[in-house]
Amino acid sequence: MTHHEFKQAAPHVYWLSPDGATDRPVLGVVAGRSGSLVVDAGNSPAHARLLFDHMAAAGLPAPRFLALTHWHWDHWFGAAAFDAPAIAHVETRRILVEQAAWDWSDAALDARVEQGIEIAFCRDMLKAELPERSDLVLRAPDVAFTGELTVDLGGITCRLIHVGGDHAADSVIVHVPEAGVVFLSDCRYDDLHHGPRRLTAAKILPLYDRLLRLDAELYLGGHEPEPITRAALAAEAALVRRIAATVERLGSDRAAVLAALREELGSELDEEAIEIADALLAGAQVR
């Protein structure tokens, strides 16, 4: 059973909350006079259709464009449910064209996990969301871009900006400047697909700087139940920067890093800070 809420973030901007039971991410809607742009397709046609139902109930215009933020399955497996053209970064399109031709049976998924091509978490969530995949249709993007693409919806615009990051090199965010909202998707999350979960200071710190330079007051993460304020994102960036500096200074000695952080941060060294430290320590090993 899924648990979603459809909420308004700002004038013209809406979002469908995530559901961790089958790794359903946040889906976004930006509604203008000439139609809507949907941010991410969801992890199945059922997920996409749920969004359509909420859009219809809210009286929003039908999707005119679909923006895919990166190549991970949970953000694009619902694309076949859309009539609107799908837009993605050129690298996202390259990967999705390839993956659309793959065998997605249980046996093939298990084999890819054994080969290190896929991770167990994604396989298990995919099986939970789509237990029957014999008739699965995967639709690759219709339009590809590099750098940045602006879509005018009539009275409101969407800037699709390639930002990369540790989580996925092809990550794209959607900035709605008139509303002061950014759909971050998963861009600031750690890398899940190459061994221990990791962040690298060389990627995450410039990414935070870039996100905070945008004219925005509200940010929506790909798997977070509530939007992030500008102040909260700035505080998060400051914490990551401080932990990264400690890792840079002390190297791979986890005990020394955590001891130093406890002294520097005191009660602020919570589970989140420890996870960030572990991710940055893992990232420091792959320079």
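Contact here means heavy atoms within 4.5 Å of each other, and helices (H or I, at least four residues) and strands (E, at least two) are DSSP runs numbered from the N terminus. The views show a predicted model, in which local features need pLDDT of at least 70, side-chain atom pairs count only at pLDDT 80 or more, and totals for chains, interfaces and linings use all residues. Residues are numbered from 1 along each chain as its sequence is written, and side-chain values use heavy atoms, with hydrogens and water left out.

**View 1. The length of helix 1, residues 45–57.** The 13 residues of helix 1 should span 18 Å at 1.5 Å a residue, and the end C-alpha atoms are 18 Å apart, which agrees; the expected span is 1.5 Å times one less than the number of residues. Just after helix 1, Gly 59 takes a positive phi of about 75°.

**View 2. The buried and exposed residues of helix 1.** His 47, Ala 48, Leu 51 and Met 55 are the buried residues of this helix (under 20% relative accessible area, with exposed meaning over 50%, for a 1.4 Å probe and protein chains only). Seen down the helix axis, these buried residues fall within an arc of 100°, so they line one face of helix 1; the arc is that of the directions from the axis to the C-beta atoms. The face turned away from the buried side carries the exposed residues Asp 53, Ala 56 and Ala 57. The buried residues pack against strand 1 (6–10), strand 2 (13–16), strand 3 (27–32), strand 4 (35–39) and strand 5 (63–67).
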